[in-house]
Amino acid sequence: MNQGAVITADIVNSTQLSKAEYKKLTKNLTAVFGEHQYEFFRGDSFQVFMKSPDKALQILLQARLTAMKLLGSSMPVADIRASIGIGSVKLPVKSFQTATGDVFILSGRAFDKMTKDERTILICDEKNKAVNLGLKVVSQFIDYLFQRLTFKQAVVVYELLMERTQTETAK
């Protein structure tokens, strides 16, 4: 089995978006997902599969910032609530509905657990329970920071996560 990562997510406050805004958001999210496999389902939910887990958090943060900066208001209207599961997966992944591998189950179960905890991000590793404690602290800190981001801050952080220089970001 190979290692991979799965992001299981939904768009927070999607019902407050107009059809045009929702369409723009999904188009922008598709650009963030790039070459990774992804699938939208049940309207405002999606999964993204990465063969290598090293970019999963960056992609999730880019997706969250894409939603937060969508409307250009002083405080973000939309957000992304998501879990990242890191674990084994059988390649190739042809369909998310029939994918085998613990990473899909892990990500989905973590996501279901999140809705009860009122968290917006959770990261878990299938095999390394000790690492999960550190990942929990990291995800709680990210939650803390993102709950306080303004629109302008979201735009700046997004540009920096896209690996733009400070000069490019300032323009």
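Predicted model: local features only at pLDDT ≥ 70, side-chain atom pairs only at ≥ 80, totals over all residues.
Entry 1: I began with the strand order. I found an open sheet of five strands, which reads E2-E3-E1-E4-E5 and has mixed pairing. I then looked at the edges: strand E2 (37–41) and strand E5 (121–125) stand there, and each has a single partner strand, so one side of each is left without a neighbour in the sheet. For the twist I noted an average of 15° from one strand to the next.

Entry 2: I looked up how E1 (residues 2–12) and E4 (residues 79–89) run, and noted them as antiparallel, joined by eleven bridges. For Thr8 I noted Ser83 in E4 as the bridge partner.

**Entry 3: a helix on the sheet.** I turned to helix H1 (residues 19–33), which packs on the sheet and touches E1, E2, strand E3 (45–50) and E4. The direction of H1 makes about 160° with that of E2.

**Entry 4: Arg119.** I located Arg119 in the loop between helix H3 (102–117) and E5. Is Arg119 buried or exposed? I noted a relative accessibility of 13%, and the cut-off for buried is under 20%, so Arg119 counts as buried.

I next checked the polar partners of its side chain. A polar atom of the Arg119 side chain lies 3.2 Å from the backbone oxygen of Ile121. With the side chain of Ser139, the side chain of Arg119 makes a polar contact of 2.5 Å.

Last, I listed the contacts of Arg119, leaving aside neighbours within four places in sequence: Arg81, Met114, Lys136, Ser139, Gln140 and Asp143.

Technical notes
Residues numbered from 1 in each chain as written. Heavy atoms only, no water. Pairing = 2+ DSSP bridges. Helix = DSSP H or I, 4+ residues; strand = E, 2+ residues; numbered from the N terminus. Axes fitted to C-alpha atoms, helices over the stretch in contact; angles between N-to-C directions. Contact = heavy atoms within 4.5 Å. Buried < 20%, exposed > 50% of the residue type's maximum accessible area, 1.4 Å probe, protein only. Polar contact = N/O pair within 3.5 Å; in protein donor to acceptor, adjacent residues only side chain to side chain.
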